[in-house]
Each structure stands twice: as structure tokens, then as C-alpha cells.
Amino acid sequence: MSKESASSGGSKLKVLALHGYRQNADSFKSKLGALRKLLNKYVEFVFISAPHAAAPLEAGGESDPSHRSWWFNKEDRTFKGTNQGGPAYGFEDSLKLVEKTWQAEGCHGLLGFSQGACFVGLLCDLSTRGMTPMKPQFAVIGAGFRSGSLVHLNYYENKIELPSLHIYGETDEIITKDMSESLAEAFLDPEILTLSGGHYFPAQSSLKEAYIEFFRDQLQQHLEAKELQNATEENTFHIEEPSGAGMVTEENGESDSDSDSD
């Protein structure tokens with residue numbers, strides 16, 4: 001796992017970043033260098049590597065341990081975004097790892113690219129249905145798509161009511177524009193950024209304001225919710241039971257400990 005040092009005293013959003021197929025925490029962190037620098041005022045990223053080693057690029061070749069995968073959707077234990085009706089080998093292991101990391105790091109939002117973006121979509125749906133302890137406040141999805149694995153087909157039945165930013169390329173040949181649009185449609189009121197390029201997570205100057213505005217809004221909402229929670233806790237007080245608690249009163253014949261009052 002790789003993460004940035006926090007110097008904000010809790011005034012930044014903590015975002016769990018999920019890499020694409022054949023990437024890992026370090027390579028994804030490197031690819032997002034420009035974006036991390038742009039958003040440093042608002043975001044602390046946490047990067048983790050998928051638990052599974054991807055198959056060799058060529059049949060019979062040697063596998064590269066730095067090439068990781070969140071799950072496999074083909075019987076030969078490889079992954080392809082366009083594959084439909086296949087398995088989801090290893091998905092549960094990845095889900096447990098992400099849930100554990102989310103809770104340990106105290107994250108607020110999710111960001112994913114390609115297979116990682118597909119994973120983010122699944123995690124958001126699970127959260128909406130109360131089927132994971134994760135409660136993301138927002139999601140950023142780069143070159144995302146709907147999982148075609150059989151076990152995931154019912155994940156997109158209801159709209160996901162979560163602020164989301166979807167980024168994809170008009171000429172992406174690996175995850176095509178229509179695939180990314182299909183995942184965006186699973187969210188309620190998604191924000192969409194399109195780029196003229198292909199399969200990568202963009203951070204060019206033309207998108208700078210859109211990124212900053214999205215994360216600034218999410219940070220503002222997070223801080224306001226936190227302030228409201230703190231105010232509520234400060235105004236909440238507990239009535240201590242009197243020294244005679246548990247004694248039967250003469251008026252109603254009930255013990256104090258049976259009362260509805262705290």
C-alpha cells in the first residue's frame with residue numbers, strides 16, 4: 001500500500017485509489033502524479049495493489065509480479081473489460097482487502113481507472129444496498145464500465161445516489177465510450193468529462209477547473225457534515241441515573257431501570 005503524508009490535520013479528503021488491470025499501487029500513483037499535484041490542497045490519496053497476479057502477456061511466458069488484477073472474468077484467469085457472462089474469480093478476496101483498507105485508513109471517497117473504475121462502480125452499488133461497511137461519499141471513475149461477470153449483473157438495477165465524476169476518452173479503443181456511458185447511466189446525476197484521447201487518466205490543463213471544482217465541492221460538503229455532527233454531539237447530553245436507580249417508585253410501581261428515559 002502506498003499513501004501520501006497527511007499534513008492537513010484532517011482538512012483533506014482521503015481517497016482510496018484503485019488501479020487498472022496489470023497496474024499496481026506504485027505505477028498508478030506515478031501515473032496520477034500531475035493529478036495529485038493539482039489536487040494536493042484538497043485530497044490525500046491512498047493507493048493499494050490488487051491481491052492477484054495477472055497472467056503473462058504471452059501464453060507460456062513468465063508472469064510479471066508487478067502486474068496485478070482485482071479479479072478475472074475469463075476461464076483462463078485473465079481479464080478483459082468487454083467479456084460478458086464470465087466468472088469473477090478472486091473478486092471476494094479483493095473486496096475484503098479494499099474494505100479492510102477503507103476502514104483502516106478512514107477514507108471518504110473512491111477513485112478508479114479501467115478495471116479499478118469498474119470495481120468502484122460495484123463498490124458504490126454495494127454501499128447503496130447496505131452490503132458493505134464502506135460508505136463512500138463520492139466516486140471518481142476514469143474509463144469505467146459495467147462488469148459483465150454473471151455474479152455482477154444485478155448490481156446495476158437501481159440508480160446509485162452518490163456524487164460521481166466520470167472521465168473517458170472519445171477514442172478509447174480498450175474501454176469504448178459507450179461502455180463508460182453505460183456505467184455513468186447507473187448513477188443519479190453523474191458529472192461527465194470527455195477527452196479527445198484514448199485509454200488514460202487525464203490531468204491536462206483544460207480539465208483543471210473541473211477537477212478542482214468537483215473535489216472542492218466534496219470537501220465542503222464533508223466539512224459541513226462533520227461540523228454538524230460535532231455540533232450535534234456537543235448538544236447531546238446523558239442524564240445520569242440517581243443513586244436510587246432500580247428502586248420501585250410508589251407512583252407507578254415500576255423500577256427506574258424499566259423507564260424509557262436514558
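Biologist: How many salt bridges does the count come to?

Modeller: This is a predicted model, and the pairs are judged by a distance rule, in which a side-chain nitrogen of Lys or Arg lies within 4 Å of a carboxyl oxygen of Asp or Glu. By this rule the count comes to four.

Biologist: Which residue forms a salt bridge with Glu-105, and how many residues apart are the two?

Modeller: The partner of Glu-105 is Lys-14, with 3.2 Å between the closest N and O atoms. Glu-105 belongs to helix H3 (residues 91-105) and Lys-14 to strand E2 (residues 13-18), so that the pair, by its place in the chain, links distant parts of it. The partner asked for is therefore Lys-14, and the separation is 91 residues.

Biologist: Are Glu-105 and Lys-14 buried or exposed?

Modeller: The cut-off needed here is that buried means under 20% relative accessible area. Glu-105 has a relative accessible area of 12%, and Lys-14 has one of 16%. Because each value falls under that cut-off, Glu-105 and Lys-14 both count as buried.

Biologist: Which residues are linked with Lys-177 in a network of salt bridges?

Modeller: The side chain of Lys-177 meets that of Glu-170 in a salt bridge at 3.1 Å, N to O, and it also meets the side chain of Glu-181 at 4.0 Å, N to O. Lys-177 and Glu-181 both lie in helix H5 (residues 177-184), where they are four residues apart, about one turn of the helix. The residues linked with Lys-177 in the network are Glu-170 and Glu-181.

Biologist: Are Glu-170, Lys-177 and Glu-181 buried or partly exposed?

Modeller: Partly exposed covers the range between the buried limit of under 20% and the exposed limit of over 50% relative accessible area. The relative accessible area is 38% for Glu-170, 31% for Lys-177 and 29% for Glu-181. Because these values lie between the two limits, Glu-170, Lys-177 and Glu-181 are partly exposed.

Biologist: What is the relative accessible area of Ser-180, and which residues is it in contact with beyond its neighbours within four places in sequence?

Modeller: Ser-180 has its place in helix H5, and it is buried, because its relative accessible area is 2%. With the neighbours within four places in sequence left aside, the contacts of Ser-180 are Ala-143, Gly-144, Tyr-168 and Ile-175.

Biologist: For the protein chain as a whole, what percentage of residues count as buried?

Modeller: The protein chain has six helices and nine strands, and it exposes about 13,900 Å², of which carbon and sulfur atoms supply 47%. Among its contacts with a separation of 6 or more, residues 24 or more positions apart account for 74%. Of the 262 residues of the protein chain, the share that count as buried is 47%.

Definitions and conventions. Residues are numbered from 1 along each chain as its sequence is written. This is a predicted model: local features need pLDDT of at least 70, side-chain atom pairs count only at pLDDT 80 or more; totals for chains, interfaces and linings use all residues. Side-chain values use heavy atoms; hydrogens and water are left out. Buried means under 20% relative accessible area, exposed over 50%, partly exposed in between (1.4 Å probe, protein chains only). Contact means heavy atoms within 4.5 Å. Accessible areas come from the Shrake-Rupley method with a 1.4 Å probe; for residues, only the protein chains shown count as cover.
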